[in-house]
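Okay, everyone, thanks for coming. Let me put the structure up, and then I'll walk you through a few spots in it.

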Amino acid sequence: GGAEGEEVLSLQDLSSHFDSIYVSFYKGLGGLTGACLLGDKDFCDEARTWLTRMGGNLYTKLPYYASAWVGFRQNYVYHRRDDKKKEEDGEQTKYLSFLDRTIQMRKVIQTISSIPNLQNYIAFEPAVSEVNMNHLYLKKEINIDGQKKKLTLEDYIEAREHVLSMHGIHIFPRVRPVEQTEEEGSDFVGKIEYTIGNVNGNIPIDVWEKG
């Protein structure tokens with residue numbers, strides 16, 4: 001599905017651009033592990049051979065099937081239930097579909113990007129998220145009142161801990177150093193992967209802004 005005003009493509013239209021497709025059962029769906037691999041018969045037959053060679057033929061896959069099915073029900077089936085039924089079940093937190101999470105990701109990016117002077121320090125890539133995951137880059141050099149100042153990854157981590165101690169808000173999770181050999185390495189010292197799930201997707205926007 002697409003957001004209001006966006007074109008909605010069928011699975012056939014989306015998959016027609018690729019020779020094969022990998023659908024993870026644990027990223028987003030929250031399954032234990034595993035994935036679904038789609039392609040033509042020859043491709044899938046060869047994949048099964050390599051699955052065996054790599055020791056992927058487990059005695060039973062039932063736990064993985066079950067956890068993937070639960071994840072599918074929660075992320076696709078359950079969120080489609082009407083709000084009255086959810087209220088009757090005592091649900092306290094709104095369950096977000098993947099589209100809901102993508103929309104929330106866009107709101108978070110838009111809100112944070114509009115904070116004065118913050119663009120001196122960070123950059124989102126892409127600027128408008130297509131899914132519920134996005135990358136936030138931490139700049140290594142900032143300009144304050146015409147004065148350039150270099151920052152290190154430790155400076156950002158120290159700022160994170162300060163915000164946590166002052167406001168109780170953990171503003172970013174694990175941060176990965178950006179190697180200078182990478183294309184973006186000349187401008188950034190760190191890279192953060194933000195993913196909107198059902199828990200942080202229910203955090204009010206003003207809390208993101210405060211953090």
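So, S24 is buried, at a relative accessible area of 12%; buried here means under 20% relative accessible area, exposed means over 50%, and partly exposed is in between, with a 1.4 Å probe and protein chains only. You'll find S24 in strand β1, residues 21-24. Strands are DSSP runs of E with at least two residues, helices are runs of H or I with at least four, and both are numbered from the N terminus. The S24 side chain also reaches the backbone nitrogen of Y26, at 3.2 Å.

Quick housekeeping: this is a predicted model, where local features need pLDDT of at least 70, side-chain atom pairs count only at pLDDT 80 or more, and totals for chains, interfaces and linings use all residues. Residues are numbered from 1 along each chain as its sequence is written, and side-chain values use heavy atoms, with hydrogens and water left out.

Now the salt bridges. A search of the whole structure turns up five of them, each being a side-chain nitrogen of Lys or Arg within 4 Å of a carboxyl oxygen of Asp or Glu. One of them links D45 and R48, with the closest N and O atoms 3.2 Å apart. Both sit in helix α2, residues 41-53, and they're three residues apart, so about one helical turn separates them. D45 is partly exposed at 30%, and R48 is exposed at 52%.

Over to the hairpin. Strands β5 (residues 141-144) and β6 (residues 147-150) pair in the antiparallel sense over four bridges; to count as paired, two strands need at least two DSSP bridges between them. There are two residues between β5 and β6, and D145 in the turn has a positive phi of about 55 degrees. I144 has Q147 in β6 as its bridge partner.

E141 has salt bridges here too: one with K148, at 4.0 Å from N to O, and one with K150, where the closest N and O atoms are 3.2 Å apart. K150 is exposed, with a relative accessible area of 59%.

Note on methods: A polar contact is a pair of N or O atoms within 3.5 Å; within protein, one must be able to donate a hydrogen and the other to accept it, and residues adjacent in sequence count only if both atoms are side-chain atoms.
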